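This briefing is for a reader who has not seen this structure before. Please look over the sequence and the model first.

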Amino acid sequence: MTASNLARRPLLLGLLGLTAAATTQQAWAQQMDIGRASAFIEATGRELVAAINADGPVAQRRERVGAILRRAVDVEGVGRFILGRWWRTASAQQQQEYLQLFQEVLIRNLSSRFGEYQGLTFTLGRSQARTEEDVLVSTIVERAGSPAFGLDWRVAEVGGQPRVVDVIAEGTSLRLTTRSEYSSVITRNGNDVQALLTAMRRQITQLASREGT
């Protein structure tokens, strides 16, 4: 898996944005209320759509999207989950850099495609308890000139607040897919976490170039 492979992440990873303390079942001690999770996704989705469809400089819109994602997604927990067993082998400095890069990748994946997502809309679907700790909220996302597709948002209580902990498209977990890709980069480079960080930096450069900033 090369940096260019990593760069070809679609809207799904950006929305996960996608995604320092690991998100664990213990962290989700409070049961997630279905109505609360549904209202949270509806409000967050409308904020993202408004930010994506807004006029103004790309950098300004990216800041707005970044603020929404940092508030709505358990970025730290998702990031650590995705790094998986390699988190324990990474140095403290590598861990810190990885979380910073991971957040930047999520935001840039979305902002680099603002032009493609103009006119984006979404419709709230069914919500159901997935486990005792989290709720799956279904949505339908539509873009002009493209077929509609379904996204399921996994929402849990993290630190007393609802947070997105995964996005599922056509039965595929985005955090599990990304975990497999990141692990592949590391294992193909002699189990060196630094290789992943290098690939992520290159990915961000590619995304920034596409965005024009």
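Predicted model: local features only at pLDDT ≥ 70, side-chain atom pairs only at ≥ 80, totals over all residues.

Residues are numbered from 1 along each chain as its sequence is written, and side-chain values use heavy atoms, with hydrogens and water left out.

**Overall make-up**

- The protein has nine helices and five strands; helices (H or I, at least four residues) and strands (E, at least two) are DSSP runs, numbered from the N terminus.
- Read from the N terminus, the order of elements is α-α-α-α-α-α-α-β-β-β-β-β-α-α.
- Of the 213 residues in the protein, 50% are buried. Buried means under 20% relative accessible area, exposed means over 50%, and partly exposed lies in between (1.4 Å probe, protein chains only).

**Helix 5 and helix 8**

- Two packed helices are described by the angle between their axes and the distance between the axes.
- Helix 5 spans residues 75–83 and helix 8 spans residues 174–187; their axes come within 7 Å and cross at roughly 50°. Axes are lines fitted to C-alpha atoms, for helices over the stretch in contact, and angles run from 0 to 180 degrees between N-to-C directions.
- Helix 5 and helix 8 are therefore oblique to each other. Angles under 35 degrees count as roughly parallel, over 145 as roughly antiparallel, 65 to 115 as roughly perpendicular, and the rest as oblique.
- On the helix 5 side, the residues that meet helix 8 are Val78, Phe81, Ile82 and Leu83. Their partners in helix 8 are Arg175, Leu176, Thr178, Arg179, Tyr182 and Ile186, where contact means heavy atoms within 4.5 Å.
- The residues of this contact divide into seven nonpolar, one polar and two charged. Here Ala, Val, Leu, Ile, Met, Phe, Trp, Tyr, Cys and Pro count as nonpolar, Asp, Glu, Lys and Arg as charged, and the others, Gly among them, as polar.

**More on helix 5**

- Val75, Gly77, Val78, Gly79, Ile82 and Leu83 are the buried residues of helix 5.
- These buried residues pack against helix 4 (58–72), helix 6 (86–89), helix 7 (92–111), strand 4 (161–169), helix 8 and helix 9 (193–211).

**More on helix 8**

- Helix 8 has 14 residues, and from its first C-alpha to its last it reaches 20 Å, close to the 20 Å expected at 1.5 Å a residue. The expected span is 1.5 Å times one less than the number of residues.
- At the start of helix 8, the backbone nitrogen of arginine 175 has a side-chain oxygen of serine 173 within 3.5 Å.
- The buried residues of helix 8 are Leu174, Arg175, Thr178, Glu181, Tyr182, Ser184, Val185 and Ile186.
- Threonine 178 lies in helix 8 and counts as buried at 1% relative accessibility. Its C-alpha atom is separated by 10.0 Å from that of phenylalanine 81, which is 97 residues apart from threonine 178 along the chain.

**Residues in strands**

- Arginine 126 is found in strand 1 (residues 121–129) and is exposed, with a relative accessible area of 60%.
- Leaving aside neighbours within four places in sequence, arginine 126 is in contact with Leu136, Val137 and Ser138. The C-alpha atoms of arginine 126 and threonine 139 are separated by 7.7 Å, with the two residues 13 apart along the chain.
- Arginine 143 is in strand 2 (residues 134–143) and counts as partly exposed at 23% relative accessibility.
- Not counting residues up to four places away in sequence, arginine 143 touches Glu116, Tyr117, Leu120 and Phe149.

**Residues in loops**

- Glutamate 170 is in the loop between strand 4 and strand 5 (172–173). Glutamate 170 has a phi near 50°, a positive value in a residue other than glycine, and is exposed, with a relative accessible area of 79%.
- Asparagine 191 is in the loop between helix 8 and helix 9. Asparagine 191 has a positive phi near 60° and counts as partly exposed at 47% relative accessibility.

Conventions. Polar contact = N/O pair within 3.5 Å; in protein donor to acceptor, adjacent residues only side chain to side chain.
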